[in-house]
Amino acid sequence: MSLIADTPKPPYYAVIFTSTRTEGNNGYATTADRMMELALQQPGFLGIESAREEVGITISYWSDLASIKQWKENVEHRVAQKMGYQHWYSEFKVRISKVERDYGAEFER
């Protein structure tokens, strides 16, 4: 499986979540796995890319703004958001962007 999301032809939307973590796991990994399970079931979810060093960046891709709103309001996701505010992140920012163009290449190794 590629670490780069296989997104459809634009337009679609990207939710960019940038964060710095607090010390310790505090249930983070288990919740992150559950959020991925839920997102995969969410109408309009197209894929995700994530990387973490000093700053974590997770980009989820969505077919439309209504799908993003539904995901934000998902009950289990709301609980995870609250845990994030209280325990997992020392700071974070969410940005929502419309993707109008994308391009790339796949390379054989």
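Which side chain makes a polar contact with the side chain of Ser60? Okay, hold that thought while I get the ground rules out of the way. What you're looking at is a predicted model, where local features need pLDDT of at least 70 and side-chain atom pairs count only at pLDDT 80 or more, while totals for chains, interfaces and linings use all residues. Residues are numbered from 1 along each chain as its sequence is written, and side-chain values use heavy atoms, with hydrogens and water left out.

So, back to Ser60. The partner is the side chain of Trp62, at 2.8 Å. By polar contact I mean a pair of N or O atoms within 3.5 Å; within protein, one must be able to donate a hydrogen and the other to accept it, and residues adjacent in sequence count only if both atoms are side-chain atoms. Ser60 sits in strand E3, residues 56–62. Helices (H or I, at least four residues) and strands (E, at least two) are DSSP runs, numbered from the N terminus.

Is Ser60 buried or exposed? It's buried, with a relative accessible area of 11%. The cut-offs here are under 20% relative accessible area for buried, over 50% for exposed, and partly exposed in between, with a 1.4 Å probe and protein chains only. If you skip neighbours within four places in sequence, Ser60 is in contact with Tyr13, Ala14, Val15, Phe45, Gly47 and Ile48. Contact, for us, is heavy atoms within 4.5 Å.

Now the core. Nonpolar side chains tend to be buried together in soluble globular proteins. The largest nonpolar core here has 10 residues: Tyr13, Val15, Met35, Leu38, Ala39, Phe45, Trp62, Ile68, Trp71 and Ala80. To count as such a core, buried Ala, Val, Leu, Ile, Met, Phe, Trp, Tyr and Cys residues have to be joined through side-chain atoms within 4.5 Å. Strand E1 (12–21), helix H1 (28–41) and helix H2 (65–73) each supply at least two of this core's residues, and H1 has the largest share, with three. There's also a second, separate core of six residues, and Tyr12, Ala14, Ile59 and Val99 are among them.

On to H1. Its 14 residues should span 20 Å at 1.5 Å a residue, and the end C-alpha atoms are 20 Å apart, so that agrees. The expected span is 1.5 Å times one less than the number of residues. Which residues of H1 are buried? Tyr28, Met35, Leu38 and Ala39. Looking down the axis of H1, the buried residues fall within an arc of 100°, so they line one face of the helix. That arc is taken from the directions from the helix axis to the C-beta atoms. On the other side of H1, Thr30, Asp33, Leu40 and Gln41 are exposed. The buried residues of H1 pack against E1, strand E2 (45–52), H2, helix H3 (75–88) and strand E4 (89–99).

One joins Glu37 and Arg34, with the closest N and O atoms 3.0 Å apart. Glu37 and Arg34 are three residues apart in H1, so about one helical turn separates them. The other joins Glu76 and Arg34, at 2.8 Å from N to O. Glu76 lies in H3 and Arg34 in H1, so this pair ties together parts 42 residues apart in sequence. Together, Arg34, Glu37 and Glu76 are linked in a network of salt bridges.

Note on methods
Salt bridge = Lys/Arg side-chain N within 4 Å of Asp/Glu carboxyl O.
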